[in-house]
Amino acid sequence: MSNSTGNTRRLVGMSILTALVVVLQVVATFIKPFGFSFTLALTPIVVGAALYGSKSGAWLGGVFGVVVLLMCIFGADAGGAILWNVNPAMTAVLCIVKGAAAGWVTGLVYNALNKKKMTARVISAAICTPIVNTGIFCLGMALFFHDKLVEWAAGANLVYFVFIGLIGLNFLIEMVVNVALSPIIVRIIDARGKEIA
C-alpha cells in the first residue's frame, strides 16, 4: 500500500471515529438510565488509540472532552453546568485534559504491551481509559472544586461520597462496557491488519 493510500485511510478512519465520539457523547448526555449520564464515547477512543497510536487517542479524547465541556456550558450536564458557573476556566481545562490524557495513555498502554496477545492488549487499554478519565476528574474535583464537593456531600463522608455517590456506578458501567466491547475492538484491529497486508 502506498504512503498516500495509508494516509487517506488513516484520515478517513480518524474522521469516522471522531464523528462517533461526538455522536455517542451527545446521545449519552441525554440518556440517563440510572438518573445520571455515563460515557459511551470511550470505546471509539480505545479503537483509535490502538489503530493509530497515542496521539490519535489524545485527539479523540480531546474531542470527547470538548463535547463534555459544551454539554456543561449549555446546561445539558447539570453537574457540569454547576462547575462551569463556579470556575469556567478550570472546568474547561478539566474536561479537555481528562479526555485527552485518557486517550493518550490508552495508546501508550496498548503499544507498551506489543508482545502480549491482542486480546490482552485491548482489554488492558480498555480498562485504562475509564481509569484515567475518572481519576483525573476526581483529582481535578479535589484540587479545584473541593468546596463544591463538600457542599454536594451534604455532611456525608467526602471519600465515601466521591467513590460511591459521584463516580461509583458511573465508573463501573463505563468499565464494563469497554471490557465487554473488547472482542469487537480486537476484530476491528484484525480486519484492519488484513486490509493492510
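How far apart are the mean positions of the positive and negative charges of the protein chain? Select the charged side chains to start. The 13 positive charges and the 6 negative charges have mean positions 16 Å apart. Keep in mind that this is a predicted model.

**Whole chain**

Show the protein chain as a cartoon. Follow the sequence and the pattern reads α-α-α-α-α-α-α-α-α-α.

Now display the C-alpha atoms alone. Along the principal axes, they fill a box of roughly 60 × 30 × 30 Å.

**Surface and interior**

Next, color by burial. Of the 197 residues, 44% are buried.

Turn to contacts. Take those between residues at least 6 apart in sequence: 70% of them join residues at least 24 apart.

**Zoom in on T129**

Select residues 118–144. This is helix 6, and T129 is found in it.

Is T129 buried or exposed? T129 counts as buried because its relative accessibility is 0%, and the cut-off for buried is under 20%.

Show the side chain of T129 with the backbone of A125. A polar atom of that side chain lies 2.9 Å from the backbone oxygen of A125.

Finally, leave out residues up to four places away in sequence and select what T129 touches. The partners are L42, I45, V46, A102, T106 and N178.

Technical notes. Residues numbered from 1 in each chain as written. Predicted model: local features only at pLDDT ≥ 70, side-chain atom pairs only at ≥ 80, totals over all residues. Heavy atoms only, no water. Helix = DSSP H or I, 4+ residues; strand = E, 2+ residues; numbered from the N terminus. Buried < 20%, exposed > 50% of the residue type's maximum accessible area, 1.4 Å probe, protein only. Polar contact = N/O pair within 3.5 Å; in protein donor to acceptor, adjacent residues only side chain to side chain. Contact = heavy atoms within 4.5 Å. Lys, Arg positive; Asp, Glu negative; His and termini not counted. Charge placed at Lys NZ, Arg CZ, Asp CG, Glu CD.
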